[in-house]
Amino acid sequence: MAAATGSTAVLRAAQKFWQLPDADLHAMVKLTRQVDRVELKFVVPTSAHARAFEVFRIASTTPRRQRVYYLDTPDRLLHRRGVMVRVRSTRGRPDDSVVKLRPVVPANVAPRLRQSKQLVVEVDAMPGSYVCSAALRTRLGADDVQRAMAHQSPLHALFSKQQARLLATHLPGPGHIDDLAVLGPIEAS
């Protein structure tokens, strides 16, 4: 009987934190068993940062400066189709690019794509909501993004062949990566 009472208390605490009805909370937990990674996203008041770093064992509080660019059609068709295309420069790290699909059902991700070492299927969970996505990521060389943004190299040079193939299935008509509009940069840390 104590185990049942304990699990009920855990369920109630999870419902209070996640602010999800029973069915949605169970669906989210079930989904986490089908993915590679779960990202918990929540807002921490500035006054609680030190405690949060301690609880989550975050060693460094030094933010990394990032310059982030999003690519889309001028009418934001990719966004409406659930496709997010991003390139990023992070000080002290290699540049990277990602083509992300969301929402996705893990079982519906093409087996060949699912087996790629560059693909991560993840759940982003935050109080009141969650979404499952598939992100195909590629590491780039230092300054690759800066060169492309300065028009010294084409946008397609920022993406692997696998990313380009995935993206091509979502582009309108004869669209090409080099035809996408660049939105940004967004300065982040």
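D36 is partly exposed, at a relative accessible area of 45%. Here buried means under 20% relative accessible area, exposed over 50%, and partly exposed in between (1.4 Å probe, protein chains only). The model is predicted: local features need pLDDT of at least 70, side-chain atom pairs count only at pLDDT 80 or more, and totals for chains, interfaces and linings use all residues. Residues are numbered from 1 along each chain as its sequence is written, and side-chain values use heavy atoms, with hydrogens and water left out.

D36 pairs with R114 in a salt bridge, with an N to O distance of 2.9 Å. A salt bridge is defined as a side-chain nitrogen of Lys or Arg within 4 Å of a carboxyl oxygen of Asp or Glu. R114 belongs to helix α5 (residues 111–114) and D36 to the loop between α2 (22–32) and β1 (37–40), so the pair ties together parts that are 78 residues apart in sequence. Helices (H or I, at least four residues) and strands (E, at least two) are DSSP runs, numbered from the N terminus. R114 is partly exposed, with a relative accessible area of 25%.

Across the whole structure, 13 salt bridges were found. Side chains of opposite charge can pair when their charged atoms come close. One of these bridges joins E187 and R67, whose closest N and O atoms are 2.6 Å apart. This pair links distant parts of the chain: E187 lies in strand β7 (residues 181–188) and R67 in strand β2, 120 residues apart. E187 is partly exposed, at 42% relative accessibility. R67 is also partly exposed, at 37%.

Another bridge joins K41 and E39, with 3.4 Å between the closest N and O atoms. K41 is partly exposed at 36% relative accessibility. E39 is partly exposed, with a relative accessible area of 25%. Both residues belong to a network of salt bridges that links R37, E39, K41, K100, E122 and D124.

A nonpolar surface patch is formed by F17, V38, L40, F42, V55, F56 and I58. Together these residues have about 600 Å² of accessible area. Patches are made of residues with over 30% relative accessible area and no salt bridge; like charges are joined within 9 Å, and nonpolar side chains (Val, Leu, Ile, Met, Phe, Trp, Tyr) within 5 Å. Accessible areas come from the Shrake-Rupley method with a 1.4 Å probe, and for residues only the protein chains shown count as cover. F42 is partly exposed, at 34% relative accessibility. F17 is partly exposed at 39%.

The search of the whole structure gave 1 aromatic pair. F17 and W18 form this pair, which is edge-to-face, with 4.7 Å centre to centre and 90 degrees between the planes. Rings of Phe, Tyr and Trp (its six-membered ring) pair if their centres lie within 6.5 Å; planes under 30 degrees apart count as stacked, over 60 as edge-to-face and the rest as tilted. W18 is buried, with a relative accessible area of 11%.

T73 is likewise buried, at 9% relative accessible area. T73 lies in the loop between β2 (66–72) and α4 (77–80). A polar atom of the T73 side chain is 2.8 Å from the backbone nitrogen of L77. Leaving aside neighbours within four places in sequence, T73 is in contact (heavy atoms within 4.5 Å) with L78, P172 and L180.

Methods: A polar contact is a pair of N or O atoms within 3.5 Å; within protein, one must be able to donate a hydrogen and the other to accept it, and residues adjacent in sequence count only if both atoms are side-chain atoms.
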